[in-house]
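Good morning, colleagues. May I ask you to look at the chain on the screen while I describe how its parts are arranged?

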Amino acid sequence: MYEPIRAKSVHSTVDGPNPDFPHRSREEELDIQLAGHLAALLAVTDELRATQASADLDAAAERLAEQVSRLRGGRTPVRAPMSGRGGTGAAALHRRALALAGRTLVVAASRADTAVAILAAERMDAHTAALEPRELASH
């Protein structure tokens, strides 16, 4: 009925995984993704700190930097210098930070990283609270 396959599949190897191709576990991939989301949230937090002085933002930035460093094996994340330029509006930055914190929370939950999940949830609450007076005033 069907002719048997005579050639070896290009997708399977008898010797095991190809040593020339880097393989990562799901946990390693999630750690990389989580570190990326946290680093992006840290960058937006640093932008917010440049536009408005806040002890909450300062503490959040330090906690975010600690978590990024932990996930990247002790490497310190690159930080934006405090310029005070204020190019982007604070509301837009809070909305961006809220979205990033939400993505971070999803990945942290799937990785079962409780410390990052709690931090992300706290940042979501803080950015939501910062947006509420602005959103109510615009309606």
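I shall begin with the overall layout, then take the helices and a few single residues in turn.

First, a word on the basis of what I say. This is a predicted model, in which local features need pLDDT of at least 70 and side-chain atom pairs count only at pLDDT 80 or more, while totals for chains, interfaces and linings use all residues. Residues are numbered from 1 along each chain as its sequence is written, and side-chain values use heavy atoms, with hydrogens and water left out.

Now the layout. The chain contains four helices and zero strands, and along the sequence its pattern reads α-α-α-α. Here helices (H or I, at least four residues) and strands (E, at least two) are DSSP runs, numbered from the N terminus. The chain has 139 residues, of which 31% count as buried. By buried I mean under 20% relative accessible area; exposed is over 50%, and partly exposed lies in between, with a 1.4 Å probe and protein chains only.

Let us turn to helix α1, residues 26-51, and its partners. How do α1 and α2 cross? Their axes come within 9 Å, and the crossing is at roughly 155 degrees. That makes α1 roughly antiparallel to α2. The crossing of these two helices is left-handed.

With helix α3, residues 90-111, helix α1 packs at an angle of about 160 degrees, the axes being 9 Å apart. This makes α1 roughly antiparallel to α3. Sorted by class, the contact of α1 with α3 has 14 nonpolar, six polar and seven charged residues. Here too, α1 passes α3 in a left-handed crossing.

Some terms need their meaning. Axes are lines fitted to C-alpha atoms, for helices over the stretch in contact, and angles run from 0 to 180 degrees between N-to-C directions. Angles under 35 degrees count as roughly parallel, over 145 as roughly antiparallel, 65 to 115 as roughly perpendicular, and the rest as oblique. A crossing is left-handed if the near helix is turned anticlockwise from the far one by less than a right angle, and right-handed if clockwise. As for the classes, Ala, Val, Leu, Ile, Met, Phe, Trp, Tyr, Cys and Pro count as nonpolar, Asp, Glu, Lys and Arg as charged, and the others, Gly among them, as polar.

Within α1 I would point out Arg49. Is Arg49 buried or exposed? Its relative accessibility is 17%, so Arg49 counts as buried. The side chains of Arg49 and Asp46 are joined by a polar contact of 2.8 Å. A polar contact is a pair of N or O atoms within 3.5 Å; within protein, one must be able to donate a hydrogen and the other to accept it, and residues adjacent in sequence count only if both atoms are side-chain atoms.

Next comes helix α2, residues 55-71, where Ala65 is placed. At the start of α2, a side-chain oxygen of Ser54 comes to within 3.2 Å of the backbone nitrogen of Asp56. The 17 residues of α2 should span 24 Å at 1.5 Å a residue, and its end C-alpha atoms are 25 Å apart, which agrees. The expected span is 1.5 Å times one less than the number of residues in the helix. Among the buried residues of α2 are Leu57, Ala61, Leu64 and Val68. Ala65 is also buried, at a relative accessible area of 12%. The C-alpha atoms of Ala65 and Leu41 are 9.8 Å apart, although 24 residues separate the pair along the chain. Just after α2, Gly73 has a positive phi of about 70 degrees.

Helix α3 has 22 residues and reaches 31 Å from its first C-alpha to its last, close to the 32 Å expected. Its buried residues include Leu93, His94, Ala97, Leu100, Ala101 and Thr104. Leu105, also in α3, is partly exposed, with a relative accessible area of 28%. Leu105 and Ile118 lie 8.0 Å apart, C-alpha to C-alpha, and 13 residues apart in sequence.

Finally, what follows α3? Ala112 does, with a positive phi near 60 degrees, in the loop between α3 and α4. Ala112 is exposed, its relative accessible area being 62%. In helix α4 itself, residues 114-138, we find Ala130. Ala130 counts as partly exposed at 22% relative accessibility, and its C-alpha atom is 7.9 Å from that of Ala91.
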